[in-house]
Amino acid sequence: MLNYSVAELRYKGNTKDRNGKELKSGIQQATAPSLRGPWKEHFAYLDTYAGTRTHVEGSSIFKLNDSDEYILMYDLYSSGRYEFQRSKDLIHFSSKPETFAKDFHPRHGSVIGITREEATRLDQRWGGAPEEAKQ
């Protein structure tokens, strides 16, 4: 079991045999007491697709607003789509991935939370923020 730390990193990890042949790939994590480390890698794979022919990368994790759930989102780059899994503890993730619809085709994106004030400023500069996001 992981000890909660100040810094957490999710990345695309690979397990290879001693000849360098990839046996498994997917999203793994490392933790540290600070950004400067020391970092400890945790070799368990977090995503459902680890060890399958479906490969993922470009992971991002964020907390849902007004919820105790976190989302681990990743790019299924050979399939041209994103999917995500849920967690309440950042250790155990749902076993069934979920997908969502979007009308553009990003690669390796991230999600961040912003305040209403930030949404209003962004809307004033660029437009497009939904009314419920603005002040």
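Predicted model: local features only at pLDDT ≥ 70, side-chain atom pairs only at ≥ 80, totals over all residues.
**Paired strands and a pocket**

Strand β6 and strand β7 (residues 98-99) pair in the antiparallel sense, with two bridges between them. Within this pairing, Glu98 of β7 is the bridge partner of Phe84.

Strand β6 covers residues 81-87 and is mostly covered, since five of its seven residues are buried. Buried here refers to a relative accessible area under 20%. Strand β5 (residues 70-76) also runs antiparallel to β6, and seven bridges join the two.

Strands β5 and β6 form a hairpin with four residues between the strands. In this hairpin, Gly80 adopts a positive phi near 70 degrees.

The account now turns from the strands to the open space in the model. The largest pocket has a volume of about 430 Å³. Its lining consists of 14 residues, and those nearest the centre of the pocket are Asn65, Val111, Ile112, Gly113 and Ile114. Which elements each supply at least two residues of this lining? They are strand β4 (57-63) and helix α1 (116-126). By class, the lining of the largest pocket comprises seven nonpolar, four polar and three charged residues.

How values were computed
Residues numbered from 1 in each chain as written. Heavy atoms only, no water. 1 Å grid on protein atoms, 1.4 Å probe; cavity = no way out; pocket = protein on both sides within 12 Å on 5 of 7 lines; lining within 4 Å. Points joined across faces, edges and corners; volume = space filled by probe spheres on them. Nonpolar A, V, L, I, M, F, W, Y, C, P; charged D, E, K, R; others polar. Buried < 20%, exposed > 50% of the residue type's maximum accessible area, 1.4 Å probe, protein only. Pairing = 2+ DSSP bridges.
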